[in-house]
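Dear colleague,

Please find the structure handed over below. My findings follow it.

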Amino acid sequence: MQTTLAMPVETEGKGLHTGLRAIARLLPAKAGSGFVFRRTDLPGQPEVKADLDHVTATERGTIVSKGPASAATIEHLLGALYGMGVDNAIVELSGPEVPIQDGSGRAWVDLIARAGLVTLDKPRVYFRISTPFSTADGAKRFSAAPASELKIRYRIDYGHPQLGAQEAGWPGKDGGEFAGQVASARTFCFEHEIEAMRKHGLIKGGDKECALVIGESGLLNGPLRFPDEFARHKMLDFFGDLSLLGSRVLGSFDIEKGGHHFHVEALKALRRNETRSDVMAQTDTTVLMDINDIQAHIPHRFPFLLIDRITGMELKKSVVGLKNVSANEWFFQGHFPGHPIMPGVLIVEGMAQCGGVLIVKSYPELVGKLTYFISIDNVRFRRPVVPGDTLRYEVTVEKVKGPVSKLKGLAYVGSELATEAEFMCMVVEKGKV
């Protein structure tokens with residue numbers, strides 16, 4: 001079952017990059033909330049959810065933003081929340097940046113332990129790695145594979161005389177192990193980087209109390225808490241960035257020479273890959289719809305309703321729908337009799353119907369209006385669809401301008417791409433063209 005904090009707790013400190021002091025107050029949150037930052041210092045106390053879709057910067061830290069609300073250097077706090085088994089929390093922040101404390105997640109773990117956890121009335125939804133995935137950017141490497149628990153192997157090699165290759169791992173043990181073995185590892189930088197970062201407006205609040213500093217002759221402010229503290233801290237950073245997927249994760253990760261930007265881009269690519277595998281990340285924007293729900297949002301009916309159910313939806317962004325292709329379909333009576341193949345134009349129509357459901361579901365004021373095609377481009381038919389196949393439509397919104405939406409559709413049978421197309425549609429009142 002999902003968890004949240006048992007009571008509010010707070011702490012205060014300065015931001016690493018802004019140097020500004022802020023109070024961070026951790027509050028209980030309802031099931032399905034995830035992690036939300038609330039800026040109490042801004043008019044109206046605007047909020048931003050900590051997820052991949054709200055990441056706006058990744059230079060020396062992860063920043064999420066939505067309108068006037070933003071929260072910077074969130075990774076250590078998020079890593080502590082995730083590692084300690086918290087699923088939902090509101091973080092009230094009286095400034096633009098999360099306090100850096102001692103540069104690790106230890107202060108946050110202590111705060112979470114003081115608050116305690118309570119169990120909520122809804123089960124956890126897991127993001128499960130279903131197929132092996134890998135990506136790279138130069139020397140940076142990221143791979144993920146199916147596993148029954150969370151496993152992480154993190155390697156670094158800076159080629160520095162005082163910091164060579166290190167490796168750390170997470171075996172998927174309980175929160176206490178996380179607190180002792182991961183959360184206490186501190187952030188670090190090289191002495192020669194400090195001046196350049198200051199010129200870029202960074203580390204205004206940085207000092208030897210909140211980061212390890214490595215000079216040409218060795219560590220300037222020891223001792224280390226672990227022989228491999230640098231690799232352990234990179235793993236803490238990854239815990240924080242991993243939480244941006246919006247749910248608990250089951251899978252095995254192998255990462256080399258990563259950083260916040262690489263983490264975020266790799267996790268976005270992983271999410272896209274898992275969506276194609278019909279294992280869509282379940283977030284609080286996910287909607288499941290049966291045939292009755294579908295018919296309440298679009299006017300199509302048998303025999304021209306070409307979706308059986310919606311299995312995933314991220315409002316205003318993407319939708320996944322299924323169509324079971326039966327031997328009794330009406331179109332097989334005249335389309336290649338004796339050698340039944342689903343007409344390609346109907347596959348494109350099915351994509352468009354999914355797109356119509358997404359648009360109307362995303363904008364409730366459009367219920368009762370009609371969605372018309374106005375263009376179809378770049379259609380490709382890759383594989384015939386025959387009786388017994390299950391079509392999986394994946395439609396994403398590429399652009400919305402007024403009543404016109406541009407979408408891209410992919411139709412899969414299993415892991416094979418059957419059809420792809422780009423199309424534009426317009427929402428109009430009934431009786432108008």
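Residues 24 or more positions apart make up 70% of the contacts in the protein with a separation of 6 or more, contact meaning heavy atoms within 4.5 Å. This is a predicted model, in which local features need pLDDT of at least 70, side-chain atom pairs count only at pLDDT 80 or more, and totals for chains, interfaces and linings use all residues. Residues are numbered from 1 along each chain as its sequence is written, and side-chain values use heavy atoms, with hydrogens and water left out.

Of the 433 residues, 51% count as buried (under 20% relative accessible area, with a 1.4 Å probe and protein chains only). The C-alpha atoms fill a box of roughly 80 × 45 × 45 Å along the principal axes.

The secondary structure comprises eight helices and 25 strands (DSSP runs, numbered from the N terminus: H or I of at least four residues for helices, E of at least two for strands).

His76, Leu77, Ala80 and Leu81 in H1 meet Trp108, Val109 and Ile112 in H2. The residues of this contact comprise six nonpolar, one polar and no charged (Ala, Val, Leu, Ile, Met, Phe, Trp, Tyr, Cys and Pro count as nonpolar, Asp, Glu, Lys and Arg as charged, and the others, Gly among them, as polar).

Yours sincerely

Definitions and conventions
Buried means under 20% relative accessible area, exposed over 50%, partly exposed in between (1.4 Å probe, protein chains only).
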